[in-house]
Amino acid sequence: MKYKISLFLLFIFVLNSCQGEDERRLAEYKKEAKKKEVIFNNINKGWVFIDEPINEVSEQNAATWTEWRDFLKEIGEKPKKTIGAFQKKSAAIAKKAMLLNNNIPAQFNLPQIKSRISILITKIKMMDLFIHLNQIPDEKVIFLVGEINKELVSLERQMDKIVEKSKIPKEEGEADFLKMLDTTRAIPNSAPPLDQNLPKVE
């Protein structure tokens, strides 16, 4: 009889401890879910990209430069409902950004454009990295969205500047002068130094 009572008490004890464990797990789960909801809401609110061309040049590029058009379209489509949707969208934006190095129109295939594209890609990759962490630093993701917008504006303004500069008529003989400057840069401007060990001729 004592054996049965002991077993019964042990069973009650195990049952109570399991219930306590379940309650603790449920509380942790609710806390984690609330934290994820806050992160989602913050990212959802801060996920605003400048997807419309800011000037006529950028608009014309969107019509002729496929990679640029596809990139603007990708950043213009905002994900919905889950943090997983934002993670997928971030990865898709990073892929489209990488393609911006392809088929750059000849007029813009210049170091100042390439460097801005490179900075833009770096910031997009950073955003993609942060949004895929287990503990998402939502403030950093939102900050990088702002930084990406700044780089987009900088890139589009640089394109505009190049087009405006190309419209300025060159003066007569300026093209020849610039060509001559380029060829003189190719010629070394001084003879190699003499070997100090050679005997001097007098």
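The second largest pocket is lined by Glu32, Lys35, Lys36, Ile39, Phe40, Lys81, Thr82, Ile83, Gly84, Asn134, Gln135 and Ile136, where a pocket is an open set of points on a 1 Å grid over the protein atoms alone, fitting a 1.4 Å probe, with protein on both sides within 12 Å along at least five of seven lines, and lining residues have an atom within 4 Å of a point. This is a predicted model, in which local features need pLDDT of at least 70 and side-chain atom pairs count only at pLDDT 80 or more, while totals for chains, interfaces and linings use all residues. Residues are numbered from 1 along each chain as its sequence is written, and side-chain values use heavy atoms, with hydrogens and water left out.

- The lining residues divide into four nonpolar, four polar and four charged.

**Gln107**
- Gln107 lies in the loop between H4 and helix H5 (111-131), and is partly exposed at a relative accessible area of 38%, that class lying between buried (under 20%) and exposed (over 50%), with a 1.4 Å probe and protein chains only.
- Leaving aside residues up to four places away in sequence, Gln107 touches Ile162, Val163 and Ser166, a contact being heavy atoms within 4.5 Å.
- The C-alpha atoms of Gln107 and Val163 are 8.1 Å apart, although 56 residues separate them along the chain.

**Chain**
- The chain has seven helices and zero strands, and 28% of its 202 residues are buried.

Note on methods
Ala, Val, Leu, Ile, Met, Phe, Trp, Tyr, Cys and Pro count as nonpolar, Asp, Glu, Lys and Arg as charged, and the others, Gly among them, as polar. Helices (H or I, at least four residues) and strands (E, at least two) are DSSP runs, numbered from the N terminus.
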